[in-house]
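Dear colleague,

Please find below the structure that I am handing over to you, followed by an account of what was found in it.

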Amino acid sequence: MFPFLLSTHVNGKPDFTMKFQTLILAVLSLTIGVNAYWLEDIAHQGVAPFAGNGYTVFRNVRDFGAKGDGSTDDTAAITAAMNTPNNRCLQGCASTTTTPAIVYFPAGTYVISSSIVPPYFTQLIGDPNNRPVFKATPNFQGFGLIDGNPYYTENLNWVSTNVFYRQIRNFVFDTTNIAPATPATGIHWPTSQATSLINIEFNMPTDPSVVHVGLFIESGSGGFMSDLTFNGGATGASMGNQQYTMRNLVFNNCKTAIIQLWNWGWTYIGLKINNCQTGIDITAGGADSLDVGSVTIIDSTFTDTSVGITTAVQPGSKPDTAGSIILENLNLRNVPVAVRGPSGTLLEGGSTTIAGWGQGHQYTPDGPRTFQGAITPNNRPASLLGDDGYYSRSKPQYENLAASDFVSARSSGARGDASADDTAALQSAINNAASSGKVLFLDYGLYKVTNTLNIPGGTKIIGEGYPVIMGSGSFFGDMNNPKPVLKVGSQSGEVGKVEFTDFVIGTQGPTPGAVLIEWNLASSGAPSGMWDVHVRIGGFTGSQFTIAECLKQPGSANIDPKCIGAYMMMHVTSQASNLYMENTWLWAADHDIEDSTNTQITIYSGRGLLIESTVGNIWLVGTAAEHNHLYNYQWVNTKNIFASMLQTETPYYQPLPDAIKPFPVVESLNDPDFSASCNGVAGNCANAWGLRIIDSSDIFVYGAGHYSFFNNYSTTCSTVEAGENCQSRIVSIEGSTRNLNIYALNTIGSLSMIDREGTSLAKWQDNINVFPANIMLFRTG
């Protein structure tokens with residue numbers, strides 16, 4: 001618009017003309033009545049304390065010369081915004097948390113001629129009110145408009161199972177300038193936990209010759225995505241990963257909406273497939289060597305699509321339980337074939353609703369029995385439902401607020417430098433924001449707190465690039481007197497609503513008495529929520545739990561007191577209720593993220609997520625809990641729980657030490673007493689439970705992966721050839737538990753897949769799948 005204001009760069013930084021241009025554009029926006037997204041206007045004061053002097057966390061691509069005018073090639077400017085300064089984690093860097101970045105895109109069309117590669121620990125955020133467009137040039141070069149994990153060599157740059165803490169949200173990716181018959185990909189995204197793609201549209205040609213793919217994933221350990229739309233293309237999404245929850249994906253006019261390259265377990269919620277030739281293809285590997293473990297599809301609609309699902313499963317196909325399927329509440333509109341196998345139709349389609357159908361192994365509760373056909377769908381409690389199936393809510397981005405509606409933690413006096421005590425400043429900021437009806441903006445930083453932060457009803461907190469609140473010091477030092485770092489609701493049963501988005505809760509130094517989150521709030525009406533909020537114990541600079549302090553010691557059962565990082569990760573107390581958790585990862589670090597080879601460390605966290613809510617109404621959407629000493633998930637005296645694709649891992653050090661020490665059994669918390677329960681049980685019995693359910697009812701699990709890969713840091717125990725003998729048991733049902741329903745239970749490394757009152761109900765060798773063992777349908781009755 002104003003060619004005389006086009007910027008130049010000096011030493012990689014924008015000069016004054018760019019700042020002047022930004023000012024002029026801001027004035028023009030006000031003049032024509034267009035409001036910028038608050039994230040663009042708010043003061044950015046985030047501090048990365050270990051990145052070096054002058055390091056900037058927030059970058060607006062316009063400040064680096066990107067024009068977004070639909071004609072100028074913005075590739076170099078966007079790359080400069082990503083990579084400045086030159087210490088960002090790119091080629092040859094294993095991973096880091098020390099150089100975070102938010103790269104912000106105002107509305108506009110950004111023309112690019114080669115792949116944009118986000119460094120490790122980067123968030124790409126567009127204006128959600130007017131999503132910016134990435135538009136490829138006709139001669140575009142690269143693997144993906146966004147290449148989230150490039151092949152500089154024959155291997156991915158980052159080990160895909162160690163790619164954490166990254167996001168892309170609020171964009172349109174357009175490959176329509178590239179010839180339809182020329183390969184093109186919107187996003188290449190082999191990543192793992194604590195990552196997300198949200199509110200994205202992929203536009204591709206619809207020509208019959210098209211070979212474009214919207215989203216390509218070939219490996220990793222996810223994960224969560226939501227609110228994605230795919231228009232055109234040969235394949236909307238072509239994906240292989242250990243496990244995923246995907247919610248609100250829409251496919252329009254694709255040849256094939258989804259190709260599953262491989263998986264262990266995958267849950268689709270609210271899937272909409274419109275006018276495609278094939279909905280979901282799970283034939284990879286063929287009948288003799290199936291690569292897709294299982295797929296669960298609920299609350300979804302397929303319209304004007306020739307074949308809903310294609311599978312290679314047939315009598316005698318291998319592995320035995322691979323290619324398992326559950327369909328529940330699947331609405332078909334002009335879909336002639338719902339499920340097609342190698343020999344023809346397995347499930348007729350038409351215009352109808354499939355209440356329940358599946359194939360695989362079932363235990364109800366005895367088994368295994370092979371089934372292929374109609375099943376009785378879960379009888380869902382009304383309190384767990386929303387407008388169109390189970391309740392869900394996309395991450396709040398506060399699109400309609402202005403910068404003046406936020407309270408900054410840094411402006412409130414908090415320093416976030418990992419050393420100052422920020423307790424008083426953060427508490428003041430929390431109270432101020434809640435009492436004034438504003439949102440607390442947690443500027444990037446590492447905020448050390450030495451006392452409990454009390455979170456009153458009405459609190460809303462949103463982080464800038466995954467800031468960390470770290471409990472530290474003697475207040476959290478006594479495992480016989482545990483104290484919460486974040487206390488949501490001053491007492492159990494307090495009524496109110498809280499929203500947490502995009503931050504991390506951790507600890508610094510030995511804190512054996514720290515409960516990272518204590519949730520006491522009973523929310524009336526719409527549930528409270530946590531979106532992209534994670535617990536991380538150790539493994540990062542500033543935590544004082546790295547290879548320097550807590551290097552693994554294979555073969556030793558000694559417990560180093562300075563490496564005890566948490567008493568419990570999260571506790572939902574008895575009178576709390578109505579809590580929606582989406583893409584929340586509770587992780588005791590197994591390796592040092594800052595180390596050049598991701599060297600393993602030994603950190604002790606006593607307990608994962610304990611739910612004791614007597615009312616329940618808890619939604620766990622794409623959550624994971626890993627490497628906790630006694631259990632990863634434990635649900636006691638609760639009910640009305642929805643969970644999709646739970647994922648757990650047993651601590652890598654077990655059974656040296658085993659789960660008997662250092663955390664004493666606390667009867668009031670219904671801790672597992674391994675000394676008693678392991679009596680007469682062969683193998684490594686005193687290892688962490690993946691999931692333990694006691695005296696609970698109306699539990700609905702739509703996908704779960706409970707994995708035990710290691711025996712004291714050796715993986716020789718977790719293969720089929722080794723006999724899957726890393727531990728004896730991994731899922732436990734106890735007491736008066738009833739109406740427990742699990743679809744797609746996957747286990748690795750455990751001799752028993754599920755136990756009731758100490759008796760195994762299912763053995764791994766009876767349910768062999770692609771790597772895990774799989775039970776597609778389990779019910780207690």
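Pro662 lies in the loop that runs between strand 45 and helix 6; helices (DSSP runs of H or I, at least four residues) and strands (runs of E, at least two) are numbered from the N terminus. This is a predicted model, in which local features need pLDDT of at least 70 and side-chain atom pairs count only at pLDDT 80 or more, while totals for chains, interfaces and linings use all residues. Residues are numbered from 1 along each chain as its sequence is written, and side-chain values use heavy atoms, with hydrogens and water left out.

**Backbone geometry**

The peptide bond joining Lys661 and Pro662 is cis, with omega about 10°. The loop between strand 45 and helix 6 (674-677) also holds Pro657, and the bond from Leu656 to Pro657 is likewise cis, its omega near -5°. Most peptide bonds are trans, and most residues other than glycine have a negative phi.

Two asparagines have a positive phi. Asn170, in strand 9 (residues 166-174), has a phi near 75°. With 0% relative accessibility, Asn170 counts as buried; the term means under 20% relative accessible area, whereas exposed means over 50% and partly exposed lies in between, using a 1.4 Å probe and protein chains only. For Asn712, phi is about 50°. Asn712 sits in the loop between strand 47 (697-707) and strand 48 (731-734) and is buried, at a relative accessible area of 12%.

An open sheet of 10 strands with mixed pairing has the order 29-32-34-37-41-44-46-48-50-51; two strands pair if DSSP finds at least two bridges between them. Strand 29 (453-455) and strand 51 (759-763) are at the edges with a single partner strand each, so one side of each has no neighbour in the sheet. On average, neighbouring strands of this sheet are turned by 15° against each other, direction ignored; the axes are lines fitted to C-alpha atoms, for helices over the stretch in contact, and angles run from 0 to 180 degrees between N-to-C directions. Within the sheet, strand 34 (residues 514-519) pairs with strand 37 (residues 568-572) in the parallel sense over 4 bridges, and Trp519 stands opposite Val572.

Strand 31 (residues 468-472) has 5 of its 5 residues buried, so it is largely enclosed by the rest of the structure. Val468, Met470 and Ser472 are buried on one side of strand 31, and Ile469 and Gly471 on the other. Strand 28 (residues 446-449) runs parallel to strand 31 and is joined to it by 4 bridges, with Val449 partnered by Gly471. Strand 31 also pairs with strand 33 (residues 499-508), in the parallel sense over 5 bridges; here the bridge partner of Ile469 is Ile505.

A nonpolar core is a set of buried Ala, Val, Leu, Ile, Met, Phe, Trp, Tyr and Cys residues joined through side-chain atoms within 4.5 Å. The largest has 129 residues, of which Tyr165, Phe500, Trp519, Met570, Leu620 and Trp635 touch the most other members. Leaving aside residues up to four places away in sequence, Met570 touches Ile517, Trp519, Met530, Leu579, Met581, Leu586, Gly608, Leu609 and Leu610, contact meaning heavy atoms within 4.5 Å. Another core, of 66 residues, lies apart from the largest one and includes Ile116, Phe302, Ile309 and Val335.

In helix 3 (residues 75-83), the buried residues are Thr75, Ala77, Ile78, Ala81 and Met82.

**A loop residue**

Thr161 is placed in the loop between strand 8 and strand 9 and is partly exposed, with a relative accessible area of 31%. Its C-alpha atom is separated by 7.7 Å from that of Ser219, 58 residues apart along the chain. Not counting residues up to four places away in sequence, Thr161 touches Ser192, Gln193, Gly220, Ser221 and Gln242.

Yours sincerely
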